[in-house]
Amino acid sequence: MSLLKRALTSITRRKLKSLILLLIVLILGNIMLSTLLIVQSVDGTKESILRELPPVVSLDLNYEKLEEFYQNQEETEEFEIPWITFDDLERIEAAGGAYIKTFDYSSIAGIESKSLEPYNMNLEGYMIGGPGEVNYFMLQGVNNSNFALLELGDAAIIEGRTFTNEEIKNGSPVLLISKDLAETNNYLVGDTIVIESLFTDYTDQGEQQVIETVELEFELIGLLVYRELPRADKQKGFSEEDHMLDQLNRTLFTSNHFVEDYTEKSMAIMLPYYEEKYGEQMSNNQYNPLAGRPIVYILNSSEEVNKFVQRAQAALNNEYYQFVTQEDNYKKVAEPLESMKGILTYAFYITVGSAVFVLTLVLFSFMRDRQKEIGIYLALGERKSKITAQMIIETVAVGLLGATLAVAGGMFVASFISDMLITAPQVDPHGVIITSSMNSYLSNFDYDSILQNYQVGLTLMSVVSFYITITATIIAAQLIASIYILKSDPKKILM
């Protein structure tokens, strides 16, 4: 009788034991498959989300390293942060230029003004940016005509045009503002706008006083509208998204060179004032337009992000800066899913280990009941390896039947486990700001959108991985249990 036929005959002759083994594999297989499906579904959701997002990498300050730096400094010790320079940007471009589609950085300066009124957002009686004697705005420079907000689709020019390369290069006094801000101040594209920039300080009594007024004259070349931000807070009234939109409506876009010139003029006004006020010499270090400013790289494709980051980080060689990717933001937003994945990854390995242990005990018990049969095989001169192979065929055949039944029910078990473990995040994960709070390049997703993409389903990869795992588990258990055969003496067994 052939080895295969002998194994199949043994299965059908021992129906009860075969059924017990089948049920054990079915139960363990359901747990194993469900954990595997959830882990792969989380990874699939992540890949799906990242494919839909623009391939953006932000070079920003590493605030943890900066905090360590400050804590390790003596109070009397003079120190200087190694700010990023244009030479650093050239090295990054040389190392990762093949992956870069475009990049942008922004010089930023604050403007206080009475002549410019902010757009007032009224939300269910909550007023954002209401009228005040002195209003605060942000002057933000750009490095490209199709700067990051436009390139990523977070803003669009609804009227007029963007900057020309010549205007950016020369620092021309041209301006882009939001459509809402323009309508609030009755501005039209093509108008010449004069903004009074106030340099102020507070008296000992807490009253605001104007030190000097500088008139900034711009040509309004275009009006912007901003993409609707993903809103994590479903309640009415003020939200973080409203605050971000208010900031955008208070932002005046112009060229980096104009902002840098304005900043130098501001320092020339304020430094002498503070020296006179406090009676001491104030530091007048050379202005670095990149100091503390995030740089945004837009790459050719999402597949190139990791390669670019590795090369760019090595070229930069500055531990006080770090590259932030969409994947970093995904992990922050999808923390509940990532936590569930971590838990179930451990559960999967524990289940596999437990399956080997349980099956070994069961199969060892079955083999003790068959010791006379094994003794006869050995007495007839059957090789131990051939007997072991027969046992493996028997258990794998029954195990694969149990695994097939587990495939049918594993998806439902996985969905049930997901529903129990997925929880709402403790902190509302808004559409994540990929740079610092000074910019608003947004990842167009929140936790709700992630859950909408999350689906537990069978794939060819998950089924193949499951069958390989369950087969390897059964074979390992049978081999361990077969130690009993290898030590068997046919004479002792048959006595």
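Mentor: Let's start with Val 358, which is found in helix α12. Helices here are DSSP runs of H or I with at least four residues, strands are E runs of at least two, and both are numbered from the N terminus. This is a predicted model, where local features need pLDDT of at least 70, side-chain atom pairs count only at pLDDT 80 or more, and totals for chains, interfaces and linings use all residues. Residues are numbered from 1 along each chain as its sequence is written, and side-chain values use heavy atoms, leaving out hydrogens and water.

Trainee: Why is Val 358 called partly exposed?

Mentor: Buried means under 20% relative accessible area and exposed over 50%, with partly exposed in between (1.4 Å probe, protein chains only). Val 358 has 32% relative accessibility, so it counts as partly exposed.

Trainee: What makes a set of residues a nonpolar core?

Mentor: Its members are buried Ala, Val, Leu, Ile, Met, Phe, Trp, Tyr and Cys residues, joined through side-chain atoms within 4.5 Å. The largest one here has 53 residues, and Ile 38, Leu 337, Leu 359 and Phe 466 touch the most other members. Among the elements that give two or more residues to this core are α2 (15–52), α12 (335–369) and α16 (460–481). Helix α2 supplies the largest share, 14 residues.

Trainee: How many helices and strands does the protein have?

Mentor: The protein has 18 helices and 13 strands. Of its 495 residues, 47% count as buried.

Trainee: What share of contacts joins residues at least 24 apart?

Mentor: A contact means heavy atoms within 4.5 Å. Among contacts between residues at least 6 apart in sequence, 81% join residues at least 24 apart.
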